[in-house]
Every structure is written in structure tokens, then in C-alpha cells.
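Here is my notebook page for today. Have the model open beside you and follow along.

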Amino acid sequence: MNKHDSERVAGLLESSGLSHGPDIASADVVVFMTCCVRENADGRAMGQVASFKALKDVRPHTIIAVGGCVSQRDGSSLLRELPHVDIVFGTHNVGRLPELLSRAMAGERGVVEVLDGTNDFASDLPGVREHPWHAWVPITVGCDNHCTYCIVPRVRGPERSRTVESVIDEVTRLVADGVREVTLLGQNVNSYGRDLYGQPRFAEILSRVAATGVPRIRFATSHPKDLSDETIAVMASSPSICKALHLPVQSGSDRVLRAMNRHYTQSTYLSLVGRLYDAIPNLALSTDIIVGFPTESEDDFQDTLRVVREAHYDQAFTFIYSPREGTPAAAMEGHVDREVIQDRFDRLVAEIHSGATENNAKLLGTTQRVLVEGASRRDENVLAGRNEGNKVIHAPIPIGRRAEELAGTFVDVEITETHTWFLAGTIIG
Ligand code: SAH
Ligand code: SF4
């Protein structure tokens with residue numbers, strides 16, 4: 001969501017006559033988009049903003065704007081700690097940045113605008129896409145769930161859905177503009193439409209997006225409690241919907257899941273995973289897991305390891321529990337020892353690595369359709385892209401071709417090598 005918002009910020013600034021500078025040190029305007037989901041991200045963003053004091057001392061006319069979740073949470077108090085910041089704007093008013101910028105440029109000190117909510121969708125603003133062939137398309141913003149560890153509902157507000165028409169209009173325009181892959185976004189895409197239509201319409205919007213002819217569709221995130229059989233059926237039957245699903249489990253322990261307020265159990269989660277693999281045998285499944293939630297015991301952790309083994313994840317984002325002020329979990333007793341958490345975290349990561357390595361090994365000798373992203377970061381003679389399972393695939397660039405001209409096109413790659421986090425092969429055909 002932050003990437004999407006950042007693309008809109010860039011688009012708005014470009015349409016106000018600004019352009020991307022060659023580096024931050026020579027920029028006249030610097031915009032930070034912050035995240036406060038975990039202390040780590042929060043601290044890193046604030047550390048970077050703080051380090052810009054030195055730049056501001058040398059280039060006092062540089063305008064520093066801070067947006068995103070930290071701004072939404074802290075509002076004007078952010079200026080007390082960071083007085084060199086010129087603009088603080090929240091998550092609901094990205095579209096107002098040009099106006100706030102002109103006030104700051106006219107000499108107003110400490111421009112703060114943080115709203116409680118809005119009906120505007122940032123997607124309706126001009127955007128500059130990071131890759132011309134990929135677009136983020138929010139279908140909902142905010143969240144109506146109350147996972148006890150999570151700050152998102154507070155900083156992004158209640159769940160609001162875009163109308164089906166507005167989403168389809170945007171995707172149709174994107175396809176005409178050469179976009180090959182869209183990622184539908186929402187904190188819980190499965191409840192899409194509930195606020196507008198009285199019941200979720202995710203399966204419907206998914207098939208309508210597929211009907212626009214966009215070659216590849218991804219979506220995130222699916223809350224396990226709301227993933228319907230109808231959605232699974234649409235995924236299974238639409239060739240353009242990637243056979244990849246992000247299904248955060250957070251923990252495998254029923255006791256911890258209850259304390260997290262997740263509304264499913266280990267067995268309902270695993271039976272959902274079973275239904276998914278039955279309907280979509282080549283599904284690439286990914287997840288999020290939190291280690292060290294208050295009161296988590298070794299037995300609870302063993303339950304998480306059991307789910308990891310049984311769900312055969314291709315990828316897992318693992319997080320050490322981070323207490324967020326104002327969330328119910330932050331006030332819970334039973335904080336787990338740092339060393340115990342680190343030990344569990346290391347064991348979890350090792351389990352995930354071995355599962356991912358095993359899954360990838362099964363793809364040796366297969367042919368994978370890859371959407372090329374460009375040259376690999378490690379070797380300019382090798383291109384990098386992703387298959388529909390979201391796995392990174394490398395292949396030597398054919399003689400006489402350039403990575404830039406291949407970016408955004410599909411190639412077929414025969415897999416000759418498999419690793420934990422990427423596959424390699426040669427382009428065929
Ligand atoms: N709406 C999405 C994403 C929420 S934030 C979802 O429900 O999955 C992304 C991930 O950050 C979450 O899935 C969770 O694993 C992690 N996360 C959120 N709050 C956290 C916290 N306080 N400590 C550690 N990890 C957290
Ligand atoms: Fe946070 Fe839960 Fe909402 Fe995801 S579903 S954003 S984890 S409250």
C-alpha cells in the first residue's frame with residue numbers, strides 16, 4: 001500500500017511541474033512515506049528523517065515532507081522531535097500534498113494536515129509507476145479486523161471499498177497503457193465490497209478484472225477467515241489469475257490465534273490449505289508469521305512449525321512480535337524473552353528455507369512462463385523475472401537482445417538449476 005501511495009505522490013508532484021532529481025542530496029523536495037507496523041520500520045523511517053537535518057542545515061530551502069502511517073499516528077507531535085520537517089501529511093490526504101507543498105514553499109512553517117478519514121481513493125490520482133508493466137490497484141483501504149497486535153486499523157481507518165466500476169475502469173485504462181500485471185490490494189481483499197454492497201464481492205471483482213484481458217492478476221492480502229470457495233473456484237478457472245496466494249497464518253497455535261483475535265484455528269486453516277491444493281495443485285502459497293506473541297510457549301511454537309511443514313509454503317515473511325502502543329496485545333502480560341524469541345525465529349527460518357528449497361527442486365526440468373523485470377542485480381548479462389508463483393527466475397540474455405527491451409515481456413524458461421529463493425534456466429522458443 002505504501003508503494004502504491006508513493007507512486008501517487010510521485011505522479012502528483014510530476015503533474016505539479018516537479019521532476020525526479022538525480023539524488024536526494026540535491027533535491028529541492030524530499031518526501032518520506034513511513035510505515036509503523038513494526039518498531040523496526042518505524043524507527044528506520046524516523047532515523048532517516050532525522051538524518052536529513054544535516055542536509056537541511058546546508059540547503060535550508062529543501063522542503064522535507066513526511067507522510068504515511070507514522071505521520072497519521074503522530075501528527076503535529078512529529079514536529080516536536082523533528083523540527084526540520086516542513087510538512088506532515090496523513091494516510092487519508094495524499095492528494096492534498098501539492099497544496100501543502102505550495103504553502104510550505106510560500107514560507108509557512110510546520111504545515112500539518114492529518115485527517116480522520118476520507119472517501120477519496122489515492123488510485124484516482126495521477127501516478128508514476130515504478131515499472132511501466134506493473135500496477136498496484138487498491139480495491140479496499142483500511143481494515144475492519146481487530147487483530148490484537150496490529151496498528152493498521154488505527155492508522156488506515158475502517159475498511160472502505162472502491163466501486164466495481166471504478167476498479168474496472170482503472171484496470172481497463174492500465175491495460176490500454178501496456179500494463180501486463182496488476183496486483184489488487186487490500187488489507188483483507190476477501191471482504192471487498194461488504195461496506196458498499198452488504199456482502200463481499202471479491203470473487204466477482206476478480207472475475208471481472210480477469211475479463212479485462214490483463215495478462216496477469218495478483219492480489220494481497222487474503223485473511224484466512226474470509227477466503228471463500230467461490231474465490232478459490234475463480235482462481236482455479238481463470239488462466240490470468242496467478243496461482244499464487246498470500247495467506248498469513250501468523251501462528252499455528254489455537255491459543256495464540258485466539259489471543260490474536262484471528263477467528264480461525266490450526267485445523268480450519270489447514271483444511272482451507274487442503275481445499276486450495278485440491279483445486280489448484282500447482283499453487284504457490286506464502287504466509288506471514290509472528291514469533292514471540294505474548295505468552296507464546298514452546299508448545300505453541302511447535303504448532304506453528306507443524307503448520308509450516310504441512311502447508312508447504314513457498315515463501316514466508318517472518319516477524320518478531322513488536323508491541324505497538326495502543327494495541328490490545330501491547331498491554332498483555334507474558335512478554336517472551338528476547339533470546340527465546342531469537343532461537344525460535346532461527347528455527348522457523350531454517351524450516352521455511354528447507355521447505356522452499358524442496359518445493360523449488362520439484363521445478364527442475366519444467367518450463368516456466370516468466371514476466372521479465374530487467375537485468376539481474378548481480379549480473380547484467382542475466383535477466384530476472386517472475387513466474388506466476390512469484391518465484392524469481394534468472395536466465396542468460398539471448399545474444400543480440402537487451403534487458404531493457406525484454407522488460408515487461410513474457411519469455412519461457414526451462415529450469416536447469418534450483419535454489420532456495422530463485423531458479424535459473426535458459427530461454428526457449
Ligand atoms: N492486512 C495484512 C497485512 C498486515 S501488516 C494481513 O492481515 O495479513 C503485515 C504483517 O505484519 C502481518 O501479516 C503481520 O504478520 C505483521 N505484523 C503486524 N503487526 C505486527 C506486530 N505488532 N509485530 C510483528 N509483526 C506484525
Ligand atoms: Fe492488521 Fe489484522 Fe487488519 Fe491485517 S487483518 S491489517 S493484521 S488488523
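My entries below go from the whole chain to single parts.

**Ground rules.** I am looking at a predicted model, where local features need pLDDT of at least 70, side-chain atom pairs count only at pLDDT 80 or more, and totals for chains, interfaces and linings use all residues. Residues are numbered from 1 along each chain as its sequence is written, chains are lettered from A and ligands numbered from 1 in the order in which they are written, and side-chain values use heavy atoms, leaving out hydrogens and water.

**Domains.** I looked up how the chain is divided and found domain 1 (2-113), domain 2 (128-361) and domain 3 (367-428); such bounds come from an automatic or database domain assignment. The centres of domain 1 and domain 3, taken over C-alpha atoms, are 36 Å apart.

I found 5 strands closing into a barrel in the order 13-14-15-17-16, with mixed pairing. Strands here are DSSP runs (E, at least two residues) and helices are runs of H or I with at least four, numbered from the N terminus; two strands pair if DSSP finds at least two bridges between them. Strand 13 (residues 367-375) and strand 16 (residues 410-418) run antiparallel, joined by 5 bridges. T367 sits opposite E414 of strand 16.

**Ligand 2.** Which residues are around ligand 2? I listed C143, N145, C147, Y149, C150, V152, P153, Q187, H223 and R262, each with a heavy atom within 4 Å of it. This shell has 6 nonpolar, 3 polar and 1 charged residues, where Ala, Val, Leu, Ile, Met, Phe, Trp, Tyr, Cys and Pro count as nonpolar, Asp, Glu, Lys and Arg as charged, and the others, Gly among them, as polar.
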